[in-house]
Amino acid sequence: MIDPLERIDIEDIESLIADKRYFVLHAPRQTGKTTCLLALMHHLNARPTYRALYVNIEAAQAARGDVQVNVAAMCSAMTNAARLYLHDAALAQWLYHGEGASAPATDRFSSLLAHWSQHDPQHPDQPRPIVLLLDEVDALVGDTLISLLRQIRAGYAQRPGAFPQTIILCGVRDVRDYRIHTAHHEIITGGSAFNIKAESLRLGNLSREETVALWQQHEAETGQQFDPAIWPELWADTEGQPWLVNALGHECTWKDKAARDRSTPITLERYKAARERLIYSRTTHLHALSDKLREPRVNRVMAALLSGDATTEHFPDDDVQYIEDLGLIRRKPELTISNRIYREVLPREITAPIQDVLHY
């Protein structure tokens, strides 16, 4: 495991927190985002300055258009997280048996944050400022997402005494890429609904050195040797995409039953066989990318790229950034697609919707 705090600029983040900023941390799925957020929470809580809390609010999209149910789910997720990570049951008491029980959905979440900011069981006379890390924000849809963003924006001016000092919105996309469809068929962009964002940080891939170092940790702990000829292939196949780096490592050292005997060296031939097995396994993460190819803004760019006549000037920069955040393209520095990953790592059937678009 690469130290999660080495993958983010901890000094920049601490500076943003000290300046009472609200900001975004986004990255493609399966890149270690949640691991980094949890590490950041523990890092901040190890000091007496803040109360930091990680909350996954993905469950708040289950009821789709029912804002009241979804806001209740967000509040519930936060009280559960406070109990788990901070051993603080006071939030649940306020939510279910105090004023929160009758608070309307339109300001229930913001009222919960306001109450929590003003009450600290460990320091009742001088509550410590709150740093809230909200994960899977872009999983929310429609009026629920609008309600969340507007409730946060409404309390922003009361920070840090009566609202969190910092809120970090986390997800696959930057908040500016949110296209929110309301129940009244309006389309609201995330940038307009959440115009208090100070900065947008992106969690990148592992470096070439980190990619090799991660596999060498296995080598050091088990004594199982990797053929050094693997390293150029591993980098060319993954370019440090964390999920791919780990999935290939798992395929080589566990799925290959003979390699479970740690005296068996991992040769380049074994590595290539593991790569092929991963391609044909159609794992959930890879298979899910095929659905993204059907989104009009994704389909339009990807089809043009694969036809070979695309340049960056053809597309809105927000669309290009969104597709890069999904992990489907890279820019070095011009817009290109990683053909090796597309052909060798993405599942074969992903080509079908693209071919439909290109008519071949």
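**View 1. Glu 136 in the loop between strand 3 and helix 6.** Glu 136 is found in the loop that runs between strand 3 and helix 6, where helices (H or I, at least four residues) and strands (E, at least two) are DSSP runs numbered from the N terminus. This is a predicted model, in which local features need pLDDT of at least 70 and side-chain atom pairs count only at pLDDT 80 or more, while totals for chains, interfaces and linings use all residues. Residues are numbered from 1 along each chain as its sequence is written, and side-chain values use heavy atoms, with hydrogens and water left out. With a relative accessible area of 10%, Glu 136 is buried, a term that means under 20% relative accessible area, against over 50% for exposed and in between for partly exposed (1.4 Å probe, protein chains only). Not counting residues up to four places away in sequence, Glu 136 touches Arg 29, Asn 56, Ile 57, Glu 58 and Cys 170, contact being heavy atoms within 4.5 Å.

View 2. Leu 134 touches Val 55, Ile 57, Phe 109, Leu 148, Ile 152, Ile 167, Ile 168, Leu 169 and Cys 170, not counting residues up to four places away in sequence.

View 3. Helix 13 (residues 296-307) has 12 residues and should span 16 Å at 1.5 Å a residue, which agrees with its end C-alpha atoms being 16 Å apart; the expected span is 1.5 Å times one less than the number of residues. The buried residues of helix 13 are Arg 297, Val 298, Asn 299, Val 301, Met 302, Ala 303, Ala 304 and Leu 305. Just after helix 13, Gly 308 takes a positive phi of about 85°.
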